[in-house]
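Dear colleague,

Please find below the structure that I am handing over to you. A summary of the findings follows it.

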Amino acid sequence: MNIQPQPPKGIIKNLVFDMGGVLVDLDREACIRAFREIGYPEAADLLDPYRQSGIFLQLEEGKVSPEQLHDYIRDKTGRAIDSRAIDNALERFVTGLPLYKLEMLRNLRHSFRVYLLSNTNAIMMPGIRTRYFTQEGLRMEDYFDGIFLSYEMQLAKPTPAIFEKMLREGGFQAEESLFVDDSPANIETARKLGFHTYLARPGEDFRPIFNDL
């Protein structure tokens, strides 16, 4: 088991999930191919499964708007690329959300308070909300007690400040919480702040870890 350290049974009251690579499935290569097709191959140097850089990190931190991203890419390529084509390329990063994970979230809310803490952006989130979290006829908000998104908070993991702001706004304690993420850097920050942690592996069905809590 990958929880470090293994918490005593009954101590965990809150579960905090990352989204990309933990709940929703990612395909970075499909995203990179899509950007290459519209004439911006440099996206390969900026997009990462765990943490973006450059203009894409600024988008996730809410420091630039979708429109500013569009203008930036047009300026870099010298091409009048349609905004929707740019958005479509970025949205190719996300490929799906398994139904069993939605069922998992619903069931966990019977025993725990469940939160989402995600580095994401204003271009991808509308589609994620309406395409993936509505598969059971519910809303995204029906699966969580609190949703914390980097571009709304103007902070991004693994910065400690985003965890601290979540704790303040959510009104809960790190020591009573299990944080599930696929990024070692994010896990390390959470651990230093007192969270119990679990590093999810690509494609892993990690439901069994909750049986011991």
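Which residue of β8 does Phe-179 stand opposite? In this predicted model, Phe-179 stands opposite Thr-197 in β8. Strand β8 covers residues 196-199 and runs parallel to β7, to which four bridges join it. Together with helix α9 (residues 184-192), β7 and β8 make a β-α-β unit that is right-handed.

The aromatic residues come next. The count of aromatic pairs is 12. One of them is formed by Tyr-115 and Phe-172, whose rings are stacked at 4.3 Å centre to centre, with 15° between the planes. Tyr-115 belongs to strand β5 (residues 113-118), whereas Phe-172 lies in the loop between α8 (160-170) and β7 (177-181), so this pair ties together parts that are 57 residues apart in sequence. Tyr-115 is buried, its relative accessible area being 1%. Phe-172 is also buried, with a value of 7%.

Finally, I would draw your attention to helix α4. This helix spans residues 83-91, and its buried residues are Ile-86, Asp-87, Ala-89, Leu-90 and Glu-91. At the start of α4, Asp-82 places a side-chain oxygen within 2.9 Å of the backbone nitrogen of Arg-84.

With kind regards

Conventions: Residues are numbered from 1 along each chain as its sequence is written. This is a predicted model: local features need pLDDT of at least 70, side-chain atom pairs count only at pLDDT 80 or more; totals for chains, interfaces and linings use all residues. Side-chain values use heavy atoms; hydrogens and water are left out. Buried means under 20% relative accessible area, exposed over 50%, partly exposed in between (1.4 Å probe, protein chains only). Helices (H or I, at least four residues) and strands (E, at least two) are DSSP runs, numbered from the N terminus. A polar contact is a pair of N or O atoms within 3.5 Å; within protein, one must be able to donate a hydrogen and the other to accept it, and residues adjacent in sequence count only if both atoms are side-chain atoms. Rings of Phe, Tyr and Trp (its six-membered ring) pair if their centres lie within 6.5 Å; planes under 30 degrees apart count as stacked, over 60 as edge-to-face and the rest as tilted. Two strands pair if DSSP finds at least two bridges between them. A crossover is right-handed if, with the strands pointing away from the viewer, the path from the first strand over the helix to the second runs clockwise.
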